[in-house]
Amino acid sequence: MTQNATAYLANNAYRSAAVAVPPLKAVVMLCDGAITLLQKALDAHEAKRFEEGHTYLTRATAILRGLSHNLDFTRGGALADRLYKTYNALIMACLRSYGRPQARDNFRRIIASLTELRDAWKYVEATAGKAAKAKTLESAAGR
């Protein structure tokens with residue numbers, strides 16, 4: 001699959017998820033998907049199923065690419081810029097690590113970083129949900 005086709009699929013996956021569920025939940029789900037795919041890539045690599053592992057790696061990096069390309073820099077400002085750099089650093093780390101002797105350790109660090117990022121998005125989602133509920137309750141009480 002070419003890079004353009006992969007990017008197109010990643011973009012569509014993000015947009016489809018964002019339409020089906022709230023955007024913050026979509027980001028959490030996509031991070032979960034990338035984590036799962038990276039773990040599968042590592043498992044396949046260790047079992048010497050390199051083609052299968054590469055397929056998982058390509059799918060995981062496509063998710064990360066989709067996340068990075070759907071950031072709103074006008075609304076997100078410096079945070080969006082930092083997230084863009086983070087997603088791209090994770091992509092590059094994945095690509096540089098696969099097939100190397102230290103792939104296991106590198107992938108574990110990448111997965112740990114992505115898990116920490118996912119957990120941060122979960123926290124933002126939970127906080128935003130509580131704020132929305134409080135706002136709804138305030139509106140109902142004010143009527």
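What is the relative accessibility of arginine 49? At 38%, arginine 49 counts as partly exposed (buried is under 20% relative accessible area, exposed over 50%, partly exposed in between, with a 1.4 Å probe and protein chains only). The close-ups below come from a predicted model, in which local features need pLDDT of at least 70 and side-chain atom pairs count only at pLDDT 80 or more, while totals for chains, interfaces and linings use all residues. Residues are numbered from 1 along each chain as its sequence is written, and side-chain values use heavy atoms, with hydrogens and water left out.

**View 1. The chain is built from five helices and zero strands.** Along the sequence, the pattern reads α-α-α-α-α (helices, H or I of at least four residues, and strands, E of at least two, are DSSP runs numbered from the N terminus). The chain has 143 residues, of which 34% count as buried. Among contacts (heavy atoms within 4.5 Å) with a separation of 6 or more, 66% link residues 24 or more positions apart.

**View 2. Helix α2 covers residues 23-46.** Its 24 residues reach 35 Å from the first C-alpha to the last, close to the 34 Å expected at 1.5 Å a residue (the expected span is 1.5 Å times one less than the number of residues). After α2 comes lysine 48, a residue with a positive phi near 65°. Follow α2 into the next view, where the helix turns up again as a contributor to the core.

**View 3. The largest nonpolar core holds 31 residues.** Such a core is a set of buried Ala, Val, Leu, Ile, Met, Phe, Trp, Tyr and Cys residues joined through side-chain atoms within 4.5 Å. Leu38, Leu64, Leu67, Tyr87, Leu114 and Trp121 have the most contacts inside this core. Two or more residues each come from α2, α3 (50-69), α4 (73-97) and α5, and α2 gives the most, with ten.

**View 4. Tyrosine 87 meets a ring of named neighbours.** Leaving aside residues up to four places away in sequence, tyrosine 87 touches Val27, Leu64, Leu67, Ser68, Leu71, Leu117 and Trp121.

**View 5. Arginine 118 pairs with aspartate 32 across two helices.** The two residues form a salt bridge with the closest N and O atoms 2.5 Å apart (a side-chain nitrogen of Lys or Arg within 4 Å of a carboxyl oxygen of Asp or Glu). Arginine 118 lies in helix α5 and aspartate 32 in helix α2, so the pair ties together parts that are 86 residues apart in sequence. Arginine 118 is buried at 13% relative accessible area, whereas aspartate 32 is partly exposed at 27%. Not counting residues up to four places away in sequence, arginine 118 touches Val28, Cys31, Asp32 and Ile35.

**View 6. Aspartate 119 also forms a salt bridge with arginine 118.** The N to O distance here is 2.9 Å. Shared partners join Asp32, Arg118 and Asp119 into one salt-bridge network. Aspartate 119 is partly exposed, at 37% relative accessibility.

**View 7. Arginine 49 and glutamate 52 form another of the five salt bridges in the structure.** Their closest N and O atoms are 2.7 Å apart. Here we return to the opening residue: arginine 49 is partly exposed, and glutamate 52 is partly exposed too, with a relative accessible area of 31%.

**View 8. Asparagine 106 sits in helix α5, which spans residues 103-142.** Its side chain reaches the side chain of serine 97 in a polar contact of 3.4 Å (a pair of N or O atoms within 3.5 Å; within protein, one must be able to donate a hydrogen and the other to accept it, and residues adjacent in sequence count only if both atoms are side-chain atoms). At 15% relative accessibility, asparagine 106 counts as buried.

**View 9. Cysteine 31 and cysteine 94 are buried.** Cysteine 31 has 0% relative accessibility, and cysteine 94 likewise has a relative accessible area of 0%. Across the whole structure, a search finds zero disulfides (a pair of cysteine sulfur atoms within 2.5 Å). Cysteine 31 is also one of the residues that arginine 118 touches.
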